[in-house]
Amino acid sequence: MNPFSSPIGPSTARPVEEILDGDRTGQLNVLTLLGQSLYEAERGNDDRALLYFGTALLALKYKKASYALQGALVVDRAFGELTGQRPLEALLDEFGR
């Protein structure tokens, strides 16, 4: 047995360069989501920062799902600016965070 081999089998981890070696739009999408996550964290919106960070992680593998989540976050922000209450925050309050 090789002393450097994994005891649980071959690794499925991929280097970041390989993950981001896709199309430029996907790379830009991930970087934008990470930037939005940092922006929300700086403003003290930890819940939204985590949502953006999770969406960025999801975008690495499931591009269409990440676009759907991004759309929901944009609609949430726009709705909040128009009405003063964000639907996602209302859901968090309803379920007791």
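Guide: We'll go through the overall layout, then the helix packing, then a few residues. Keep in mind that this is a predicted model.

Visitor: Okay. How many helices and strands does the chain have?
Guide: The chain has 5 helices and 0 strands. Read along the sequence, the pattern is α-α-α-α-α.

Visitor: And what share of the residues is buried?
Guide: The chain has 97 residues, and 21% of them count as buried.

Visitor: Then at what angle do helix 2 and helix 3 cross?
Guide: Their axes cross at roughly 165 degrees and come within 7 Å. Angles over 145 degrees count as roughly antiparallel, so helix 2 and helix 3 are roughly antiparallel to each other. Helix 2 passes helix 3 in a left-handed crossing.

Visitor: Which residues of helix 2 and helix 3 meet there?
Guide: On helix 2 they include V30, L33, Q36 and E40. On helix 3 they include R48, Y52, F53 and A56. The residues of this contact divide into 9 nonpolar, 4 polar and 3 charged.

Visitor: Now the next pair. How do helix 3 and helix 4 pack?
Guide: Helix 4 covers residues 63-83. Helix 3 and helix 4 pack at an angle of about 160 degrees, with their axes 8 Å apart. That makes helix 3 roughly antiparallel to helix 4. The crossing of helix 3 past helix 4 is left-handed.

Visitor: Who makes that contact?
Guide: From helix 3, the residues are R48, L51, Y52, T55, L58 and A59. Helix 4 brings several, among them L69, Q70, L73, D76 and R77. The residues of this contact divide into 7 nonpolar, 3 polar and 4 charged.

Visitor: Switching topic. Which residues form the largest nonpolar core?
Guide: It has 6 residues: V30, L33, Y52, A56, A59 and L73. Helix 2 and helix 3 are the elements that give two or more residues to this core. Helix 3 gives the most, with 3 residues.

Visitor: Pick one of those. What does L33 touch?
Guide: Leave out residues up to four places away in sequence. Then L33 touches Y52, T55, A56, A59 and Q70.

Visitor: Now Q36. Where is Q36 found?
Guide: Q36 sits in helix 2. With a relative accessible area of 25%, Q36 is partly exposed. The buried label needs under 20%.

Visitor: And its contacts?
Guide: Beyond residues up to four places away in sequence, Q36 touches Y52 and Q70. The C-alpha atoms of Q36 and F53 are separated by 8.2 Å, and the two residues are 17 residues apart along the chain.

Visitor: Last one, R48. Is R48 buried or exposed?
Guide: R48 is buried, with a relative accessible area of 6%. R48 lies in helix 3, which spans residues 46-59.

Visitor: Which residues is R48 in contact with?
Guide: Set aside its neighbours within four places in sequence. That leaves E40, L73, D76, R77, R86 and L88.

Technical notes:
Residues numbered from 1 in each chain as written. Predicted model: local features only at pLDDT ≥ 70, side-chain atom pairs only at ≥ 80, totals over all residues. Heavy atoms only, no water. Helix = DSSP H or I, 4+ residues; strand = E, 2+ residues; numbered from the N terminus. Buried < 20%, exposed > 50% of the residue type's maximum accessible area, 1.4 Å probe, protein only. Contact = heavy atoms within 4.5 Å. Core = buried A, V, L, I, M, F, W, Y, C linked by side-chain atoms within 4.5 Å. Axes fitted to C-alpha atoms, helices over the stretch in contact; angles between N-to-C directions. Parallel < 35°, antiparallel > 145°, perpendicular 65-115°, else oblique. Left-handed = near helix turned anticlockwise from the far one by under 90°. Nonpolar A, V, L, I, M, F, W, Y, C, P; charged D, E, K, R; others polar.
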